[in-house]
Amino acid sequence: MSLQLDIVLCHGVLIKPLKFVVQTLINASSQNPNMPDYKVYYFNVKALGEPLRFLLSYGNLPFDDIRITREEWPALKPTMPMGQMPVLSVDGKKVHQSVAMSRYLAKQVGLAGADDWENLMIDTVVDTINDFRLKIAVVSYEPDDDVKEKKLVTLNSEVIPFYLEKLDDIARDNNGHMANGKLTWADMYFVAILDYLNYMTKSDLVANHPNLQRVVDNVTSIDSIKAWIDKRPQTEI
């Protein structure tokens, strides 16, 4: 499944056909004239755009949270690098690919690894989280009900337990974090995308996995993340 398919399908759950723009820190850019102008373009959902919003919020970097409606998307699509979202704009330069953008922002806010090995540990767990997401998505968005029902058996009995056990072990071994025994963008990525995973599986994936719950608690207890969660638009996904 391509990243674009994953996004377009989740876009179909939009409830309010309104463009929503948030300036996260009023007048912050005027306090630092060298601050880049950040914009996040995505649909009115959390999903793959939320890691970008988490990282920008964590670093107290002001950004425009531009939420595109179903009606607006056809006209806007040709202006995006690969005709898909999320897209990050930095001083007017638009880039795509959610993981690459997250990695870039992590460096800006001090959540990248201290060396090449630490960065490798972060990349491996983020890629594993995305493998997990895609295995869930290919079942969640299966259009044939009979085929979907059969796939759900394997997903729920084998795939989800396998990944949750492995990820919970990683969090246990890293003291409530996803890599390097400390807060990194891997933690932000996992927690930011968790609502999307829960939506697709119709479950609370970390409910019986205390080490993963520690990761969630460690991230959501950060003041800047709490502030973002409190003020972001309330969406199902």
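A total of 13 salt bridges is counted in the chain, a salt bridge being a side-chain nitrogen of Lys or Arg within 4 Å of a carboxyl oxygen of Asp or Glu. The structure is a predicted model, in which local features need pLDDT of at least 70 and side-chain atom pairs count only at pLDDT 80 or more, whereas totals for chains, interfaces and linings use all residues. Residues are numbered from 1 along each chain as its sequence is written, and side-chain values use heavy atoms, with hydrogens and water left out.

The secondary structure comprises ten helices and four strands; helices (H or I, at least four residues) and strands (E, at least two) are DSSP runs, numbered from the N terminus. Starting at the N terminus, the order of the elements is α-α-β-α-β-α-β-β-α-α-α-α-α-α. The chain has 237 residues, of which 49% count as buried. Buried means under 20% relative accessible area, exposed over 50%, and partly exposed in between (1.4 Å probe, protein chains only). The accessible surface of the chain is about 11300 Å², and carbon and sulfur atoms hold 52% of this area; accessible areas come from the Shrake-Rupley method with a 1.4 Å probe, and for residues only the protein chains shown count as cover. Of the contacts with a separation of 6 or more, 75% join residues 24 or more positions apart, a contact meaning heavy atoms within 4.5 Å.

Side chains of opposite charge can pair when their charged atoms come close. Lys39 pairs with Asp37 in a salt bridge whose closest N and O atoms are 2.7 Å apart, and Asp37 is partly exposed at 35% relative accessible area. Another salt bridge joins Arg172 and Asp173 (3.0 Å, N to O). Here Arg172 is partly exposed, with a relative accessible area of 46%, while Asp173 is exposed at 55%.

In the salt bridge between Arg232 and Asp195, the closest N and O atoms are 3.7 Å apart. Arg232 lies in the segment after helix H10 (223–231) and Asp195 in helix H8, so the pair ties together parts that are 37 residues apart in sequence. Arg232 counts as buried at 12% relative accessibility, and Asp195 as partly exposed at 32%. Both belong to a network of salt bridges that also links Lys46, Glu50, Arg53, Asp65 and Arg67.

Helix H8 (residues 185–201) also contains Phe190, which is buried, with a relative accessible area of 1%. Leaving aside residues up to four places away in sequence, Phe190 touches Ile129, Met178, Val206, Leu212, Val215 and Val216. Between Phe190 and His177, 13 residues apart in sequence, the C-alpha to C-alpha distance is 10.0 Å.

Most residues other than glycine have a negative phi, and most peptide bonds are trans. Asn175, which is not a glycine, has a positive phi of about 60°. Asn175 is placed in the loop between H7 and H8 and is partly exposed, with a relative accessible area of 48%. A positive phi, near 55°, is also found for Lys202, in the loop between H8 and helix H9 (210–220). Lys202 counts as exposed at 71% relative accessibility. The peptide bond from Met85 to Pro86 is cis, with omega near 10°, and Pro86 belongs to the loop between helix H4 (73–76) and strand E3 (87–90).
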